[in-house]
Amino acid sequence: MKQDTDPDTGWRGSREGWLDAAYGALIREGIDAVKILPLAESLKLSRTSFYWFFKSRGELLSALADMWEARTTTPLCAAAAAYAETETEAMLNVIACFLRPETFDAKLEFAMRGWGLKDPAILARVTSADAKRLSALTTMLLRWGHSEDDADTRARTIYLVQIGYISMQADEALETRLSRIPRYVEIYTGRSPAPREIARFRARFL
């Protein structure tokens, strides 16, 4: 971790500290709030300290976009490819990924989509991530024997429902969400999960 002292404040902070501050500003107020001086003030650091860790605001924004992919697309694709004994268990792995903030950062996802409305480059990156995630879900369904058309439609159903939850900022109690999971799995796969699978799934959250 690169860190040092600052002639003005006695401390330059760290790259992670600046990035975390930018993350907080992004999810609270949107991309327009991610500016060097306000971040420096929030960290109680001098503005010049920023340049020890990032060459420019653009480099910071690029790091934020990389953080988003690492906290959303990467774990979702991993969940879709994870080992499962049954298709319903495989689907529960995917749903569990969406439900955990440490494996799918819904607040950052929402903020990135808002950012994309203002920045064509970010919109292109979000569009690319959508395609990658859909491909991972489709591949999972193909692996379990669905036809190409069926897998494509089911993947879109899974994905659009989950992104809908995020885009609408749905305020749903965890127990309410969990109570719907067996039906979601049946709709997504065409198969009902076994009671033991649901019990194991619920144990991850309760």
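Modeller: Let's start with Lys44, which sits in the loop between helix H2 (36-43) and helix H3 (57-71). Helices (H or I, at least four residues) and strands (E, at least two) are DSSP runs, numbered from the N terminus. Keep in mind that this is a predicted model, where local features need pLDDT of at least 70 and side-chain atom pairs count only at pLDDT 80 or more, while totals for chains, interfaces and linings use all residues. Residues are numbered from 1 along each chain as its sequence is written, and side-chain values use heavy atoms, with hydrogens and water left out.

The buried residues of H1, including Trp18, Leu19 and Tyr23, pack against strand E2 (13-14), H2, H3 and H6. Take Ala21, one of the residues of H1: at 15% relative accessibility, it counts as buried. Setting aside neighbours within four places in sequence, Ala21 is in contact with Leu39, Ser42 and Leu43 (contact means heavy atoms within 4.5 Å).

Now step back. The chain is divided into domain 1 (1-54) and domain 2 (59-203), with bounds that come from an automatic or database domain assignment. Their C-alpha centres lie 32 Å apart, and 15 residues of domain 1 are in contact with 13 residues of domain 2. Both domains give residues to the lining of the largest pocket, so the pocket lies between them. A pocket, on a 1 Å grid over the protein atoms alone, is an open set of points where a 1.4 Å probe fits, with protein on both sides within 12 Å along at least five of seven lines; lining residues have an atom within 4 Å of a point.

That pocket holds about 700 Å³ of space, and 29 residues line it, with Ala106, Lys107, Phe110, Ile166 and Gln169 nearest its centre. H6 gives the most to the lining, with six residues. By type, the lining has 17 nonpolar, four polar and eight charged residues (Ala, Val, Leu, Ile, Met, Phe, Trp, Tyr, Cys and Pro count as nonpolar, Asp, Glu, Lys and Arg as charged, the others, Gly among them, as polar).

Gln169 brings us back to the backbone angle: its phi is near 50°, again positive in a residue other than glycine. Gln169 sits in the loop between H8 and H9, and at 56% relative accessibility it counts as exposed.

For a contrast, look at H5: 13 of its 13 residues are buried, so this helix is largely enclosed by the rest of the structure. H5 reaches 19 Å from its first C-alpha to its last, close to the 18 Å expected.

Key:
Points joined across faces, edges and corners; volume = space filled by probe spheres on them. Buried < 20%, exposed > 50% of the residue type's maximum accessible area, 1.4 Å probe, protein only. Expected span 1.5 Å × (residues − 1).
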